[in-house]
Amino acid sequence: MAISEKYTAHNKGKFYFFWGGNRESYSKSDIRFRGDDYDFTLHHVTAHDKPKGWHVDYVNPARMTIPQTNLRFGYFISDHYTISIGVDHMKYVMYQDRAVHLTGYYPNAGSYGETLPTGQVLLTEDFLKFEHTDGLNYVTTEISRVDDISSWFTLPNTDKLQINITEGLGAGLLYPRTNTTLLGKERYDEFHASGFGISAKAGLNVTFFKHFFVQAELKGGYINMQDIRTTTSNSDRAEQEFWFFQQIIAVGGIFRL
């Protein structure tokens with residue numbers, strides 16, 4: 001009697017999707033702010049993410065966009081290569097009350113509790129609050145390679161349990177909703193296409209019963225945003241560039257239509 005081929009033996013023509021959460025870290029960044037009566041740059045600004053932790057919001061349809069999340073849909077164009085689209089919903093929060101160097105000019109200097117005897121400025125909330133918290137949305141297309149390494153662990157039936165490694169490259173645009181309070185101005189609170197990013201990733205995928213998987217990824221990349229909206233005035237803009245590192249845990253499904 002002929003032995004039927006395992007479902008997991010070939011991937012070409014399969015679709016997949018995943019949903020998960022992430023943590024991020026960021027390099028220091030020079031941020032330039034410019035408008036009709038000011039043009040200044042803050043140097044070596046530090047920032048952090050805004051984790052939600054293990055929370056029901058990740059699966060609550062009404063609140064799924066609040067945590068730091070990853071959503072991706074993909075298609076296997078061959079047994080080993082996929083093309084996918086997705087959104088990495090990261091969050092970027094500038095550290096408040098840190099001393100940084102400033103070059104340039106702005107009105108009413110010294111009236112925001114920001115001046116220091118060292119010649120630096122203190123990042124008080126009256127002077128500046130700067131966050132991409134809804135969020136630092138990285139909308140990407142990725143090309144990835146997937147390899148089955150189940151034989152390394154002598155797994156007898158990959159239709160029950162399969163282990164894969166994956167690597168990929170991605171590029172896309174940044175579509176943040178930036179929360180900025182700058183020099184007492186009214187903040188701009190809309191999504192805005194602000195720049196681009198490129199990234200590379202590596203991950204481990206564990207697939208159960210042919211169709212369900214857990215995937216862990218490490219992703220790093222470069223973000224360049226030259227057109228960040230900061231206030232309701234169309235002339236007020238910010239720009240920055242930095243590196244990011246992301247850790248992702250996701251669950252998903254893989255299937256043929």
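Which residue in β12 is the bridge partner of G170? The bridge partner is S199.

This is a predicted model: local features need pLDDT of at least 70, side-chain atom pairs count only at pLDDT 80 or more, and totals for chains, interfaces and linings use all residues. Residues are numbered from 1 along each chain as its sequence is written, and side-chain values use heavy atoms, with hydrogens and water left out.

**The strands and their pairing**

Strands are DSSP runs (E, at least two residues), numbered from the N terminus. Two strands pair if DSSP finds at least two bridges between them. The table lists pairings in this model.

| Strands | Sense | Bridges |
|---|---|---|
| β4 (residues 47–48) and β6 | antiparallel | two bridges |
| β5 (residues 69–76) and β6 | antiparallel | eight bridges |
| β6 and β9 (residues 128–148) | antiparallel | twelve bridges |
| β9 and β10 (residues 161–174) | antiparallel | eleven bridges |
| β10 and β12 | antiparallel | 14 bridges |

Start at strand β6, which spans residues 81–94.

β6 pairs with β4, with β5 and with β9. Together with β5, β6 forms a hairpin, and four residues lie between the two strands. In this pair, N70 has D88 of β6 as its bridge partner.

V93 turns up in two pairings. H48 stands opposite V93 in β6. V93 also stands opposite E131 in β9.

β10 in turn is joined to β12, where G170 meets its bridge partner S199.

**A closer look at T207**

T207 sits in strand β12, which covers residues 195–208. Is T207 buried or exposed? Its relative accessibility is 5%, so T207 counts as buried.

The T207 side chain makes a polar contact with the side chain of N205, at 2.7 Å. A polar contact is a pair of N or O atoms within 3.5 Å; within protein, one must be able to donate a hydrogen and the other to accept it, and residues adjacent in sequence count only if both atoms are side-chain atoms.

Which residues are in contact with T207, leaving aside its neighbours within four places in sequence? They are K160, L161, Q162, N164, F212, F213 and I254. Contact here means heavy atoms within 4.5 Å.

Methods:
Buried means under 20% relative accessible area, exposed over 50%, partly exposed in between (1.4 Å probe, protein chains only).
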